[in-house]
Amino acid sequence: MAYDSLHDFVQKLAAAGELKRIAVEVDPILEITEIADREMKLPQGGKALLFEKCKGAQFPLLINAYGSAKRMALALGVENVDDIARELGGLLKAKPPTSFKEAIALLGTAFELRHAKPRSVKSGLCQEVVQSKPDLATLPIQKCWPLDAGRFICLPLVITRDPDTGARNVGCYRMQVIDERTTFMHWQLHKTGARHWRRYRELKKRMPVAVALGGDPVYAFAATAPLPDGIDEMMLAGYLRKKSVEMVKCGTNDLEVPADCDFVLEGYVDPEEKLDLEGPFGDHTGYYTLPEPYPKFHIERITHRRDAVYPSTIVGVPPMEDFYMGTASVRIFLPVFQMNFNEIVDMALPAEGVFHNLVVVSIKKQFPYHAMKVMHGLWGMGQMMFTKIIVVVDEDVDVHDTREVLFRLCANIDPDRDVIFTKGPADVLDHATPVMGFGSKIGIDATHKIKGESNTRPWPPLIEMDEVVKKRMDELLRHVAR
Ligand SMILES: Cc1cc2nc3c(=O)[nH]c(=O)nc-3n(C[C@H](O)[C@H](O)[C@H](O)COP(=O)(O)O)c2cc1C
């Protein structure tokens, strides 16, 4: 289901009993975070919050809109995110790919099948109002945590094009405000936006950038999804909302933005301009990321809808709203992992592992050291390369039940035999690696051991009650007063 605007989604949230309106004035400097953080820490992620009066700004702010399994599904217009995974899995199984490259091409075809291709239109509500002088101070941009270097735009859709192929990329990269028309652009080393920027630098060409905020909530989700470089996130958005995204051209460059979004910041990055230190910023990791050099984004024009709502989120000590976004990505893309590794049964990135720190994967084990094959495979797949700890368990383990995973982990491993260390690219946000962007990884095989895995003893069975006795006792207990 497609939403016409973020405003439309706000109404849907309200109708579903999933929205709290905050009518008193609240300061985007720290105060919104304190209220939103308390809400995000409630069981099942609390409610979405609409701050109607943001101190010093002209627009309301929506936060925690994706912050529960129910709201994440609502944002994608489905009852349950697994429905999307099932459908995508079915499409991909129709013609199983023979290589990763083919799998990616197939993903593109699957999106096109739904007529999900973005469509160019001549005008859009996002251009209803053109600010006579671009001024970020009109937006309720948060300073999230006390040691943050300033205010940060936390849920932007950063739109760039590959200067060689023209392929569009839409990534969610935080933007630290420098002044009323300049921000930093925090595309990290391994992300597609950064690759485009490095290519513009080689070509010594100014890089057009457009930043869209809001619109159908599916857009921001698509911008955070780990799509392979070269696949347009607006195609995924169209596929998910079952309707092509209408794109309108910016006024100051040739980039296109979703016509229904709430705000558009048009501008450029000059790849030859000196980098400056961005950050610190209270991050997904639960710690502040240290200042690092990043390029600046110069804003030439700001446009917005008349009924614009500013979308935001906060990241910090888990669980936070982004856990639900990350989980939805994993659910939706599980069929893609399974296409490459048909032994994978399920996968979970627990909230405590803040995305890449911990991946638990269950497999249908078929041969000695099978778990290690899966670990190496995952470390070689896109953003999975950042994973610090991979735990492989047997197919009968519920990877979403951390207690069960810990039980199997502790029970089934002989550390010397079952743990491997390796090295590779790391999340640049990880403060624990000795150097930025590179670190060690650990893989733990918590599956049952079989012949050929340096195990000289038989593996004992797991304690389980006899099914017939269980059924009999179910029946018996029904008659026992509680
Ligand atoms: C709330 C939120 C904020 C994010 N901020 C950043 C960021 O500042 N820089 C970054 O490189 N990735 C950030 N990410 C992760 C990227 O959006 C994600 O890796 C995405 O897949 C990148 O897209 P790309 O592969 O097109 O570059 C953030 C994700 C979320 C959910």
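1. Helix α8 has these buried residues: Glu233, Met234, Met235, Leu236, Ala237, Gly238, Tyr239, Leu240 and Arg241. The helix spans residues 233-241 and is mostly covered, with nine of its nine residues buried. A residue is called buried if 20 or more other C-beta atoms lie within 10 Å of its own, exposed if 12 or fewer, and partly exposed in between, with C-beta atoms placed from the backbone. Helices (H or I, at least four residues) and strands (E, at least two) are DSSP runs, numbered from the N terminus. Just after α8, Lys242 takes a positive phi of about 60°.

2. A word on the model. It is predicted: local features need pLDDT of at least 70 and side-chain atom pairs count only at pLDDT 80 or more, while totals for chains, interfaces and linings use all residues. Residues are numbered from 1 along each chain as its sequence is written.

3. The domain assignment gives domain 1 (6-311) and domain 2 (341-445); such bounds come from an automatic or database domain assignment. The contact between them takes 13 residues from domain 1 and 11 residues from domain 2, where two residues are in contact if their C-beta atoms, placed from the backbone, lie within 7 Å. The C-alpha centres of the two domains lie 29 Å apart.

4. Which residues of the largest nonpolar core touch the most other members? Of its 128 residues, they are Leu157, Phe221, Val361 and Val392. A nonpolar core is a set of buried Ala, Val, Leu, Ile, Met, Phe, Trp, Tyr and Cys residues joined through C-beta atoms within 7 Å. Helix α9 gives the largest share of this core, nine residues, and at least three residues come from each of domain 1 and domain 2. Not counting residues up to four places away in sequence, Val361 touches Ile344, Met347, Val374, Leu378, Ile390, Val392 and Val399.

5. Helix α10 (residues 370-379) has Ala371, Val374, Met375 and Leu378 as its buried residues. Seen down the axis of α10, these fall within an arc of 100°, so they line one face of the helix; the arc is that of the directions from the helix axis to the C-beta atoms. What covers them includes β21 (344-348), β22 (358-363) and β23 (389-394).

6. The ligand is surrounded by 22 residues, the closest being Gly171, Cys172, Arg174, Gln188 and Lys191. Here a residue is near a molecule if its C-beta atom, placed from the backbone, lies within 6 Å of it. At least two residues of the shell come from each of β8 (168-171), α6 (192-203), α7 (218-224) and α9 (321-340).

7. Cys154 sits in the loop between β6 (152-153) and β7 (157-161). Cys154 counts as buried because 21 other C-beta atoms lie within 10 Å. Leaving out residues up to four places away in sequence, Cys154 touches Gln142, Arg174, Ser312, Thr313 and Ile314.

8. Most residues other than glycine have a negative phi, and most peptide bonds are trans. In the loop between β21 and β22, Val354 has a positive phi near 30°. Phe355, found in the loop between β21 and β22, has a positive phi of about 65°. Val354 is buried, with 26 C-beta neighbours inside 10 Å, and Phe355 is buried with 25. The peptide bond from Gly279 to Pro280 is cis, with omega near 5°, and a cis peptide bond with omega of about 0° joins Pro318 and Pro319.
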